[in-house]
Amino acid sequence: MELAIFATVFQIAIGLPLGIFSAVKKDKPVDHGSRLLALTGTSFPVFWLGLMMQFVFFYTLRIHGLPSLPSTGQVDEFVLFEYPLRSVTGFVILDSLLTWNIPIFKDALAHIIMPAICDGFTGLGLITRITRSSMLEVMRQDYVTLARAKGLPERVVIYKHALKNAINPTITIIGTSFGFILGGAPLTETVFSWPGMGKWAAYAIVSLDRASIMGFVLITGVIFVLVNLVVDVLYSVVDPRVRVGE
Amino acid sequence: MKLKIPDKYDSQVRELRYSAYLLKHSALAVLGISIVAVVIVVAVAAPFIAPYGPEVRLWDQKLEPPSFQHLLGTDDRGGDIFSRILYGYRLDLAISGSVVIFAATMGTILGSVSGFVPRLDETLMRITDVFLAVPSLILAMAFGAVLGRTPTNLVFALALTWWPIYARLVRGQVLVEKQKLYVEAARASGGGAVRILFRHILPNSIYPILVNASIDLGAVILTTASLSFLGFGVEPGTAELGRMVADARSYVFTYPWVVGFPGLAILIASLAFNLFGDGIRDVLDPRLRR
């Protein structure tokens, strides 16, 4: 859950601005760059990306005596031993904040960075491309020209006028990819020894543990239904045209 | 003056020429096509190019760094990584090629039936939905676990996961084409349902299938590698790219090239197919033409 949230935040933080930027600067180097990035994202072997990140950010930094990111797990055993964590919600990061357990919070945060980037990288390109194409669609319309003609600054035109109308497809994609990561990314979780559902499902399948498999499939189904519901609700928040009962 | 009778294929040839012209002017697509060509040639000619066999073990030369003797170094069992990558391409391309062909055929048949026969539509589409709802990697893992660890079973597992996308695509196409006048004309002149579907509708909806297939090749290579990384599909020690990464995982910090090069090989292949498919889609889809 935490992993999915962080991965999604990473995706939105990078993907959305990049998509807007490449729509504004269509056919410029930025656009080609983001296109290449998007394609690289979809064609990167996730497990290899994870291993290479471990090699660079854990091993290489460490042997040079630089601050490095931890390579596996959710939180360091030693830190956990020294500062025991009282479980409130079951989410390590949230719990550590609630009980004001700063060392654990820092440690868990350091642990989540690499898996989150790894998980988010695949969907990043998709978000960028979708944002770009829907922005392009919107910016061709008359009211954007009108806004420009009124003499509004370009920034206002893009963020206030165009983006608001172009965000819907992006929300759909973010929802789907959030569901996917939430449903477990077995590859990332295996590489980073993350105690997540994907890893659990992979082991369950290997050992033909039927009850676990059924449970996993059921949970995944429920998650997808819920995510789609939330996406639909978000539509009506963003776009008054799809509001119900008006 | 003699009038030229328009040839049946004239417009198609012109269309094709225009497409080729557009394709030539997209640098990324050209790059993709070139790499795809190189990968295919290398995979087909692996036995002639590779300096060592895929299963050759030089026990006295374990974990050697890249050198002239072993271009990309050797792995923990003394296998030449360069040769193993070439053979890995061979296996992975064979797998992903068969998966795409299987899945596209199955999806096309089911999708066209679903689009053409309203009575079966609802049933078939709900089955498709069930397949689409489960994450593809997990579904393929489940099939792979049930069927057993051989490359052939991996093909079946992946094909069983992949066909719904094609079924959806083809159904949509068939629904659109069905409304068109030429179908009515064919029906009016007494064409049977099967004939109309396979001689008239399908040939007219083949482009999206081909585009999707070319993009899918890359995705299937990636999924194949991921599955064998997780331990499905092929036996440990096989010259398969994902398996090579998995087998060498424990050496990632001490002997990075053993992990690095096979992974890079996967990235290159799947990126090339994606660039290629992206270029093709831009060219064949008139709406995306700039």
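This note goes through a predicted model of two chains, point by point.

1. **Ground rules.** Residues are numbered from 1 along each chain as its sequence is written, and chains are lettered from A and ligands numbered from 1 in the order in which they are written. In this predicted model, local features need pLDDT of at least 70, side-chain atom pairs count only at pLDDT 80 or more, and totals for chains, interfaces and linings use all residues.

2. **Confidence overall.** The model scores ipTM 0.74 and pTM 0.79. For single residues, look at pLDDT, the predictor's confidence in each residue, from 0 to 100. Chain A has a mean pLDDT of 77, with 87% of its residues at 70 or more. Chain B averages 80, and 92% of its residues score at least 70.

3. **Confidence by helix.** In chain A, helix α4 (residues 77–82) is lowest, at a mean of 66. Helix α11 (residues 210–238) of chain A is highest, at 82. In chain B, the lowest is helix α1 (residues 10–24), at a mean of 70. The highest there is α4(B), at 88.

4. **Secondary structure.** Helices (H or I, at least four residues) and strands (E, at least two) are DSSP runs, numbered from the N terminus. Chain A has 11 helices and zero strands. Chain B has 12 helices and zero strands.

5. **Burial and extent.** A residue is buried if 20 or more other C-beta atoms lie within 10 Å of its own, exposed if 12 or fewer, and partly exposed in between; C-beta atoms are placed from the backbone. Of the 246 residues in chain A, 41% are buried. Of the 290 residues in chain B, 45% are buried. The C-alpha atoms of chain B fill a box of roughly 75 × 55 × 30 Å, taken along the principal axes.

6. **Contacts along the sequence.** Two residues are in contact if their C-beta atoms, placed from the backbone, lie within 7 Å. Take the contacts in chain A between residues at least 6 apart in sequence: 68% join residues at least 24 apart. In chain B, consider contacts with a separation of 6 or more: residues 24 or more positions apart account for 69% of them.

7. **Helices α6 and α8 of chain A.** Axes are lines fitted to C-alpha atoms, for helices over the stretch in contact, and angles run from 0 to 180 degrees between N-to-C directions. The axes of α6(A) (residues 102–139) and α8(A) (residues 154–182) come within 8 Å and cross at roughly 160°. The two helices are therefore roughly antiparallel to each other. (Angles under 35 degrees count as roughly parallel, over 145 as roughly antiparallel, 65 to 115 as roughly perpendicular and the rest as oblique.) The crossing is right-handed. (A crossing is left-handed if the near helix is turned anticlockwise from the far one by less than a right angle, and right-handed if clockwise.)

8. **Who meets whom there.** Residues of α6(A) in this contact include Leu126(A), Ile127(A) and Ile130(A). Those of α8(A) include Ala166(A), Ile173(A) and Ile174(A). By class, the contact has 12 nonpolar, six polar and two charged residues. (Ala, Val, Leu, Ile, Met, Phe, Trp, Tyr, Cys and Pro count as nonpolar, Asp, Glu, Lys and Arg as charged, and the others, Gly among them, as polar.)

9. **Helices α7 and α8 of chain A.** Helix α7(A) (residues 142–149) packs with α8(A) at an angle of about 150°, with their axes 10 Å apart. This pair is therefore roughly antiparallel. Its crossing is right-handed. Tyr143(A), Val144(A), Ala147(A) and Arg148(A) in α7(A) meet Val157(A), His161(A) and Ala162(A) in α8(A). The classes are five nonpolar, one polar and one charged.

10. **Ser83 of chain B.** Is Ser83(B) buried or exposed? Ser83(B) counts as buried because it has 24 C-beta neighbours inside 10 Å. Ser83(B) sits in helix α4 (residues 81–116) of chain B. Not counting residues up to four places away in sequence, it touches Ala50(B), Pro51(B), Tyr52(B), Gly53(B) and Pro54(B).

11. **Where the chains touch.** The contact takes 30 residues from chain B and 29 residues from chain A. On chain B's side, the elements giving two or more residues are α6 (136–147), α10 (206–229) and α12 (256–284). Of these, α12(B) gives the most, with 11 residues. The residues on chain B's side divide into 21 nonpolar, seven polar and two charged.
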